Amino acid sequence: MIDLAVIYSELFKKHKMDRVHPESPARLDEIIKGVKELQYEIKKDIEFYKPQYISEKELVSVHVVDLIRKVQAISEAGGGMITIDTTLNPHTYDIARLAAGATKQAAEIVDKGEAKRSFAIVRPPGHHAESNSAGGFCYFNNIAIAADWLVNDKGYKRVAIIDIDHHFGNGTSHIFYHRKDVFYFSIHAHPMYSYPGSGYPTEIGVSEGKGYNVNVALLPGVTSSDWLKSLEFGLNILKQYKPEIILVSVGFDSLGGDPVGIMNIAPNAFWGAGHLLNQFAEEYCNGKIICTLEGGYKLDQLKDVSKKFILGLMGEKLIVLNKIMSREMTEQTRSMIVQTKKALKEYWNF
Ligand SMILES: [Zn+2]
């Protein structure tokens with residue numbers, strides 16, 4: 001079995017926003033350089049796959065037709081703006097469908113047992129795309145489409161999405177807000193300080209989905225150990241949910257110094273995060289993890305940080321992980337975790 005399937009295409013670079021936009025094609029060059037170095041540096045089977053375009057039927061499973069037609073029309077007209085921070089060029093519609101297709105394929109490869117884990121290294125990202133609107137550099141919600149496909153086509157009953165991007169994945173959260181077959185857990189910068197302005201601990205889901213949306217909102221300057229402990233906190237809730245498979249929205253924008261971020265996470269913490277996620281998957285869902293790329297804009301560190309994340313994901317233990325995890329949580333983060341616990345006390349044991 002392949003250790004890691006990487007779904008990637010150079011075509012992802014055809015979609016561009018403004019010339020100086022942080023969500024640039026160069027991000028992918030850095031991450032792919034890292035993956036290629038790992039192919040030589042470690043004794044694991046890392047295989048590249050070419051993605052396929054998502055079908056209209058699969059887009060409609062998550063998005064309203066109006067949004068799909070709008071993205072298509074603006075692209076076909078030569079490009080333009082859909083929200084203040086999110087623009088399109090003539091390729092955006094096609095490439096957004098390719099990014100969604102790649103993420104669904106990442107799910108398919110793991111579901112079939114062809115690879116133990118997969119990583120769709122895509123642009124544009126998806127987690128801010130709501131069922132009826134684009135925004136935050138996202139057009140279609142790649143991870144939501146893949147999760148919905150696992151439930152509807154493959155019969156999974158408990159799918160978990162873990163979002164470690166710096167930002168709250170409002171689109172993903174809202175798409176599954178009323179459902180318990182897809183659990184959404186996110187660690188992100190507090191909505192008072194960061195886009196998209198939602199993702200409070202009290203947002204726990206509605207009707208059947210109540211308790212299946214877990215938000216940990218972190219304050220500016222949060223450090224590696226608090227961030228990893230927040231991830232561990234969510235994984236402890238997920239142990240009670242017992243997912244059959246996990247999908248991860250991977251964003252590297254929580255790195256200290258990221259041009260759009262306010263967190264202060266060190267590259268090694270991403271190794272730790274990959275390791276914790278892999279360990280969880282090994283224990284609870286036969287190692288099945290599907291990753292897709294969201295944000296991360298610090299170009300000079302993207303190669304290094306993605307290599308570290310993948311090393312962790314492949315089960316390579318970070319020597320200093322225990323040391324990082326043994327640091328005491330700061331009062332600021334503790335108070336944020338308390339808010340999440342308070343909101344969810346009827347649903348989970350802490
Ligand atoms: Zn982000």
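**Charges and salt bridges in a predicted chain**

The protein chain carries 40 positive and 41 negative side chains. The centres of the two sets lie 3 Å apart. Lys and Arg count as positive, Asp and Glu as negative, with His and chain ends left out. Each charge is placed at NZ of Lys, CZ of Arg, CG of Asp or CD of Glu.

Some ground rules. This is a predicted model: local features need pLDDT of at least 70, side-chain atom pairs need 80 or more, and totals for chains, interfaces and linings use all residues. Numbering runs from 1 along each chain as its sequence is written, and side-chain values use heavy atoms, without hydrogens or water.

Now the pairs. The structure holds 20 salt bridges, each a side-chain nitrogen of Lys or Arg within 4 Å of a carboxyl oxygen of Asp or Glu.

Take E56 and R69. Their closest N and O atoms are 3.0 Å apart. E56 lies in helix α2 (residues 56-60) and R69 in helix α3 (residues 65-76), so the bridge ties together parts 13 residues apart in sequence. Helices here are DSSP runs of H or I, at least four residues, numbered from the N terminus.

Next, K104 and E58, at 2.9 Å, N to O. K104 sits in helix α4 (residues 92-112) and E58 in helix α2, so this pair links parts 46 residues apart in sequence.

Buried or exposed? K104 is buried at 13% relative accessibility, and E58 is buried at 16%. Buried means under 20% relative accessible area, exposed over 50%, partly exposed in between, with a 1.4 Å probe and protein chains only. E56 is partly exposed at 35%.

Last, a network: shared partners join E37, E41, K303 and K307 through salt bridges.

How values were computed. Helices (H or I, at least four residues) and strands (E, at least two) are DSSP runs, numbered from the N terminus.
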